[in-house]
Amino acid sequence: MKILIADDELLVRRSIRMFLTDLGVRPDDMVETGDGFGLVEAIDGSHFDLALVDIRMPGMDGLEAVRRARETAGETDFYILSGFDDFKYAQEAIRLGVKDYILKPVRRADLEKIVENTISALEQRRALLLENLNLATAALLNIPGYTAHFPVPCRPVLIADDAPAQPFSVSELLSVDNDRITVIAHRDEGYVLLFLFETPEYPGYCREYLKDLAERYQSGHTLVEGRKFRDGTCWEEDYKRMRTLACLRSACGGRRLYPRTCLPPMDSRDFLPVCRCCETCLETYGKSDYAGFTLACEALLKSLEPVRQSHPGRAGNISRYLAEAFGLKDQSPEGLKSGLLMAAATFSASSKDFQYEEITAYIDRHYAEDLSLTGLAGMYGLSPNYFSTLFKKKAGCNFIHYLTSLRIAESKRLLLETNLTIREIAERVGYYSASFFIRSFKKAEEITPSEYRRKG
């Protein structure tokens with residue numbers, strides 16, 4: 001959420017900034033200006049979700065600035081801040097579509113309510129956009145020749161698992177607060193496909209987000225970047241390129257990120273079948289399909305032998321890839337065969353009784369900390385995918401939902417029984433961002449934290 005503060009008094013701007021920072025607004029998401037011309041210029045050059053505007057400013061007053069800014073800022077929420085309790089000012093503000101007319105001095109409670117209302121309206125708009133984007137991306141994948149037109153630029157990313165014991169967790173990725181980008185995730189034949197959509201406030205952020213993804217998931221995953229687009233005209237051709245590169249990754253030497261300009265090797269047809277066998281091994285192992293895994297291993301070893309003769313370098317890459325994926329030491333043909341079969345037996349042996357009561361007791365004690373499904377699964381010697389499946393079966397909901405319900409329940413108690421600020425409560429229940437806490441609370445309870453406190 002980006003906020004514009006327009007007031008000719010420096011101390012007023014600084015106090016508003018301090019209050020907003022205390023509510024969890026990032027400092028780099030606030031812009032200040034001391035006059036009406038600065039407000040219009042800022043609105044013309046960037047997108048703001050909220051503008052707090054003083055009436056009396058030099059050069060151009062706040063109402064005239066709002067009138068001009070309205071021409072290019074249709075989705076900005078404007079609030080007038082004034083020391084003048086004058087009906088004609090309020091009447092003009094209402095005519096301009098200003099959300100409210102707040103008398104100075106501005107109180108913390110006023111700003112808290114404004115921020116919550118803005119977040120609530122923003123979430124409603126994003127929910128509608130998300131619904132439309134979900135439908136469009138699903139159609140893009142399932143309807144041949146579909147040419148969806150997206151309202152914002154899209155950058156697709158294909159993610160493939162390289163370590164079957166550490167599958168990519170979509171729920172964990174989407175549970176991380178990031179209002180600078182909209183992420184749509186689909187699973188498609190063993191891969192995770194992310195559609196990254198830029199938000200109006202942060203144009204160009206997709207590049208930074210992709211860089212962060214590559215750094216965060218470079219251990220155990222391969223990322224293939226797609227070409228940026230707004231309609232699906234060239235989608236099928238580019239998606240075929242992405243999937244081919246993902247399939248060939250075992251033979252290409254351990255590369256973790258394939259950029260959008262990368263093309264499959266010219267000689268890929270010679271070793272594509274053995275790469276597909278690698279894919280099947282990873283997929284069946286991840287699904288605990290031990291019969292399928294055994295058959296896939298046999299097909300893999302058989303198809304790898306001729307590649308050793310014709311493309312020894314590619315075959316060496318595949319052997320190293322398998323050794324890293326399954327923790328094998330011997331990369332010889334016999335070593336791979338025995339090692340892969342032992343990997344299946346070892347993984348099967350780890351399928352012991354799920355310690356549900358102990359796990360939930362741990363979550364109940366540590367819900368306010370930085371808990372993750374991957375971290376918990378590692379503590380109990382299970383793969384994240386297997387842990388998630390067993391947890392949902394026992395709890396009746398997934399891990400993220402269970403953790404969120406604990407945090408929201410405790411926040412409701414603190415809202416009614418203490419005078420802690422929204423930010424303090426957010427921190428106590430495990431949210432590093434007050435704005436993310438407000439959004440999560442609104443989603444769970446259908447009212448904001450302050451509204452819940454007032455009703456209680």
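Helices here are DSSP runs of H or I with at least four residues, strands are E runs of at least two, and both are numbered from the N terminus. Before I go on, a word on the source. This is a predicted model, where local features need pLDDT of at least 70, side-chain atom pairs count only at pLDDT 80 or more, and totals for chains, interfaces and linings use all residues. Residues are numbered from 1 along each chain as its sequence is written, and side-chain values use heavy atoms, with hydrogens and water left out.

Back to S319. Is S319 buried or exposed? Its relative accessibility is 3%, so S319 counts as buried. Buried means under 20% relative accessible area, exposed means over 50%, and partly exposed is in between, with a 1.4 Å probe and protein chains only. Which residues does S319 touch? Leaving out residues up to four places away in sequence, they are L304, R308, Q331 and L336. Contact means heavy atoms within 4.5 Å.

Next, the helix pair. α10 covers residues 290–310 and α11 covers residues 312–326. They pack at an angle of about 150 degrees, and their axes are 7 Å apart. Axes are lines fitted to C-alpha atoms, for helices over the stretch in contact, and angles run from 0 to 180 degrees between N-to-C directions. So α10 and α11 are roughly antiparallel. That label needs an angle over 145 degrees; under 35 is roughly parallel, 65 to 115 is roughly perpendicular, and the rest is oblique. On the α10 side, the contact includes F293, L300 and L304. On the α11 side, it includes I318, S319 and F326.

Now α9 and α10. Their axes come within 8 Å and cross at roughly 160 degrees. Therefore α9 is roughly antiparallel to α10. V274 and C277 of α9 are among the contact residues, and so are L300 and L304 of α10.

Last, the core. How many residues does the largest nonpolar core have? It has 52. A nonpolar core is a set of buried Ala, Val, Leu, Ile, Met, Phe, Trp, Tyr and Cys residues joined through side-chain atoms within 4.5 Å. Those with the most contacts inside it include V274, L300 and F326. α10 and α11 are among the elements that each supply at least two residues of this core. α9 gives the most, with 8 residues.
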